[in-house]
Amino acid sequence: MSVIDLPTDRASDAPPDHPSVHVLGDRCAGCQECSIRCPTGALTLDSTTWTVVGDSSTCVGCRQCERTCPFSAVVVEGPALAGVRVPLVHEHVTDLAGSRTETRHGIASWADALAEAARCLDCPDPTCVRGCPAHNDIPGFIRAIADGDLDTAHAVLRRTTFLPDVCARVCDQAVQCEGSCSWSLAGDVPVAIGALERFVADNAPVPPLVTAAPPDTAASDGPVENGGRSARTDRLEVAVVGSGPAGIGAASALVAGGAKVTVFERDADAGGLLRWGIPDFTLPDAVARRPWETLVDAGVDLRLGHEVSAADLDLLPFDFDAVVVAAGASVPLRLPVPGGDLDGVWDATRFLTAAHAALAHGTQLEALRSPDGSGRAARVLVLGAGNTAMDVARSARRLGAEAICVDWMDRAFAPVRPDELDEAAGEGVDVRFSTTAVRLEGEDGHVARAQLAPTRQLKAGVTPEVLSGPVAVEEIDLVVMAMGYRVPPELLELDGGTLVPRRIGGFPDRRWLGSGIFANPAPPFARNQPVGALARGREHARTQAALARKERTWVVGDALVGPATVVEAMAQGKRAAEAILDRQPRRPGRARPGGERVLVAVESQTGTTAARADALAGALVGAGADVRVVPLTSVGTTELAWADALVVATWVEGLVVAKVGPARATSKWLDGLPPLAGMPVALLCTYGVSPGRTLPLMRASVERHGGRVVAAEAFGRRSRSAGAGGNAPEAMAGALLGTVAVRAG
Amino acid sequence: MTITAPPDRPPRSDAPPDPFDPVPVAVHLRPPRRDGVAERFAATDPPRGWDVAAHPRVARVLHNRKLQFFLILPNQLVFWLVIMLGLLGTVVPGLNFGTAITWYIWFCLVFVMMVVVGRAWCAMCPFGGFAEWIQRRTFWQRTQKTLGLGRKLPEPIARYGLLLSVGSFLLLTWIEEFFNIAGPGNPMDTSLMVLGIVTSALIFFLVFERRTFCRYVCPLSALIGSVGAVGTAAGFRTRDRQVCLDCKTKDCMRGSEEGFGCPWYTWPGSADSNLTCGLCSECYKSCPSDNVGFYLQPPMTSVVAPNRRRADVAWSVALLWGLVFFQQFNATNVYNSFDGWLAKYTGIHYPNPIDYLGIIVAMAALVAGIAWVASRALVRPDLPQPLLSVKRSFIDKTSRFRAFFVPISYGIIPVVGADYFARQLPKFFKHAARIVPSVGAWFGAGSTHSSLYNTRMLSNPSIVVVQVAVIALGTLASAVATWRITTRDLAPVSDHPVATRVTSLAIVAAVGLTASILYVLMHAAS
């Protein structure tokens, strides 16, 4: 340990152009939350007063301390010494016709990369990592760049992402990693994390995917016969439906974990949205193709042109040990506008696929041919002004057409990337917010004109109203509806009818609360969106991906949460794969390695219920199960994803006879359960006078969430003291494990 | 001075990320400083066995979110009754339940609780309690969004700690003297005063975060906080400090699903006195490791033992001594002639803010002046280095003067507390029985002629005896405390240990003697 002079704790001691850190002695409790997180070690505990003192000379003004002090006792004044970000070139393509040139460029030189890497504070509690949906070790890879070691940087990235080259190009970093960068949270320009990631991904060789040896399993127990099928091969076999980012995430993690992976893709090309949804000028074909080249080399069985229907989804679990549904949100939304059924009204998928092919082959798109042969450029009306709409419009411009985007939202609330909007405008796209199409008129059954009316939106999240102002009429040759997508109903059914939300309320996980990502209101860079809440919502969805939605069937990506981002889909796919590798499920007829896992969730007030639950847990262990006893309030998605079977043990609340039911905490917990996908559940309650309707109420709640109650028992005082029902734990354990065993085949 | 620099961060791990909680892989927090932590808190940590919450039934009560609500509720009802009766009830102060309960009973009770327990009143206070219900938008539930602006008290004010509270106490006392509210005078004045406190509490709760009002502004906060140091409730403290140091989430300060973050800006992991523990039990509820206990401590531990002696507490004690001196002195003939003389020149009649503030400040300054002289004579000019070369904030600054003044101010806390208590005794002994006819008055039964209305528990000479006895007890407690403080705090900074001890004990004796003499002169005046 070095020895330093104790700093003077005075804000005014710092020169005006230097940040100063000042600790309010009265309120500082010496908890050291600031000093353990300060990137530069500018805060030290003065053990005489047991308060922290700040050293303005080493303070860089990142304000991690301000954000993480629980008592707001730290004040940082003055500028953040964020340094100047290396310029990133956005190329303005002058000759648009047929151009597939990437418009955004990465970091050009090692010198620039080193300079940018030097801006990273290497925060001890990096908020950027929480902001990244895949939780890439951002300070870790940037430190490797600073050390001049691109291979290590790449390896660090590859630990958590399979798509660094793709994500670096398509991620909206401003609301993810860069929006959560300490500099950004301090109101300054964040480290160019995306550009650095791209620098690594583009300049370091892609390492081959190393697959783990097939896991050592219980195959030595001998073959299990079932319908003539031999279960000698004990390698986990997983089907992945869809080859988009979510499928890539799942397949890569599964194959790395030693599973045999079969991927079904309905298109002729693998990559899903990466191939047809994102134009070449954002994501070049070569980059979009790279993940599947690696995966196929690693032994993934890729079956192209293979559509999986809803009926097939029911059958796949009988041919595979686990199924990952990564089929995306493929149903385009359509504007219910008069004339919407005319010829020449397309959806974005159709247009982008066709435009992609046309640009790739250097051909003209038939629909954009000069309408009257006069050489006049075709006019495309894009309904929507989000990122997809920009892609449509910019592709149309490259195919020689004029493009108008209309969106009924106010510009201030539109979910479009500002840089994308600027680029589109620079390429001559006419973007009109607060405008909507109220009628499409046709000639000979083909769309020819659009009536556009003004709209007004006063607040974000409020449906805009169409004003009765003057209606503009535009001559139009093609209309493309690019207003978003939804999940097809058969997939939505798998989700239990509702999508997993990406914005959630309630209390954040305590492991996140201490991080500075929550403590700050949104910095302007994140476009008035609180980056902490966004990150937390994404993390919620990622966690949910670990849960099976149906027996041995996991749903990930847009199919789980609705239209979202590439990186989120990939992270969810990876998370589901990790859960599958951890669980090692096997289809009927195949022996599963390891014991049955039983999670015992206990809500006990005086210890009586806990003692009961412990007895049951003992019986379960005696029967060979792997048991975890956890306080009910600590049981979350992660714990449930681990378990094959669940025991819920609770005390009974109520006034002797009135309002008798499960303890309030238990009821609340049961109400908030995620889908249990047919998981066997045993219910246990302990009561004083009468259990009332406790067990039926719990049963109803569990069944509502898709659980299967296989045993339910109430224990009163007498059974407690006299030892009656003494064999109940064994009986319950038997019922539970019997069901699990039957389920597992 | 030099202190060791924070240790560098732990090395990065090359282990693959944990799929279930991948973020910690990238987290490389510096280890917290923990050198000397055991010695630092050894004297102030309550005895391990004195954890009341170790009892399962107590633990159950403390875990219950409704606990504080039910502590506040009775007081809430009484105080709204006081407000209502003050506005609508009889104008006879002794027959008005509002004034009777406030001035004959409540004030005494608060002082008893303060001396015995500490901030017990704060846990059940209807003023802060009411405002907090509104701020939290709930009576007892853990809510996430609070009502109001959630500002922080500006740093230039907050740095003076409890002194703002002393200021508001001085102001309130002056107003109370001006309108003769506590006399008690017109019951409506009492109502308006209570309403005023509730309103200002509400405003502060809606503008500032947490219990900024209670911690900094409440007129009673400095008094209860400093005199409460005598009390036997150590408050909510850590059970195992290492667990607190290892805790990365500090739910007790930030709040969790089970409880709010400490409304009083106190961390159980570093609390070394009961000064800022409002006994609200939120930290106990929110600790994820069940590492917070509700501890008792030997009386006066928080006077004698704290390592960190706060200048705001020292100055508060000096000023509070000034105030109680004024309240005694103003019942004497000397004061009356002085006040009359001053009124002739200034045209301001009692309570003349000039002599009010003048006497209070003079008394505080007298204590400080004696301390300054004593420090010049007794405290070594070359103080041990760690105390001097750091420019700390007002509360923690060190100097020769402070090295003497701050500890001896802590030493006189018991006698000052006893003085405040003794001041309330005449009203209690003379009029407490009036509470019965004042209740009877609701039913038309109470009257100024009823025997209970005129019943006195003690005669005036007996009251004086009790008062002097209380002061004697306080002085004794102060002497014991000062003896120990001298050994611990003053001996290391002085080359004249005997003289230092004699001087500090003399200060205690002087305070006790002054108060006693004044009580004799006052003849049990209320």
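## Reading a two-chain predicted model

Buried residues make up 52% of the 526 residues in chain B.

Q: What kind of model is this, and how are residues and chains labelled?
A: This is a predicted model, in which local features need pLDDT of at least 70, side-chain atom pairs count only at pLDDT 80 or more, and totals for chains, interfaces and linings use all residues. Residues are numbered from 1 along each chain as its sequence is written, while chains are lettered from A and ligands numbered from 1 in the order in which they are written.

Q: What counts as buried, and what share of chain A is buried?
A: A residue is buried if 20 or more other C-beta atoms lie within 10 Å of its own, exposed if 12 or fewer, and partly exposed in between, with C-beta atoms placed from the backbone. In chain A, 55% of the 745 residues count as buried.

Q: What is the mean pLDDT of chain A, and where does it stay under 50?
A: pLDDT is the predictor's confidence in each residue, from 0 to 100. Where pLDDT is low, the predicted coordinates should not be read in detail. For chain A the mean is 85, and 90% of the residues reach 70 or more. Residues 215-232 of chain A stay under 50, and the model has 25 contacts for them beyond four places in sequence. A contact means that two C-beta atoms, placed from the backbone, lie within 7 Å. Residues 720-725 of chain A are also below 50, with 6 contacts beyond near neighbours in sequence.

Q: How many helices and strands are there in chain A, and what does the radius of gyration say about it?
A: Helices (H or I, at least four residues) and strands (E, at least two) are DSSP runs, numbered from the N terminus. Chain A has 26 helices and 27 strands. Its radius of gyration is 29 Å, close to the 27 Å from the globule rule for 745 residues, so chain A is as compact as a globular protein of that length. The radius is taken over C-alpha atoms, and the rule is 2.2 Å times the number of residues to the power 0.38.

Q: What are the corresponding values for chain B?
A: Chain B comes to 23 helices and 3 strands. Its radius of gyration is 25 Å, against 24 Å from the globule rule for 526 residues, so chain B is as compact as a globular protein of that length. Its C-alpha atoms fill a box of roughly 85 × 60 × 45 Å along the principal axes.

Q: Which residues of helix α15 of chain A are buried, and why do they line one face?
A: An α-helix has 3.6 residues a turn, so residues three or four places apart point the same way. In α15(A), residues 418-426, the buried ones are E420(A), L421(A), E423(A) and A424(A). Seen down the axis, they fall within an arc of 165° (that of the directions from the helix axis to the C-beta atoms), so they line one face. The face turned away carries the exposed residues P418(A) and D422(A). The cover over the buried residues includes α14 (387-398) and β14 (430-433) of chain A.
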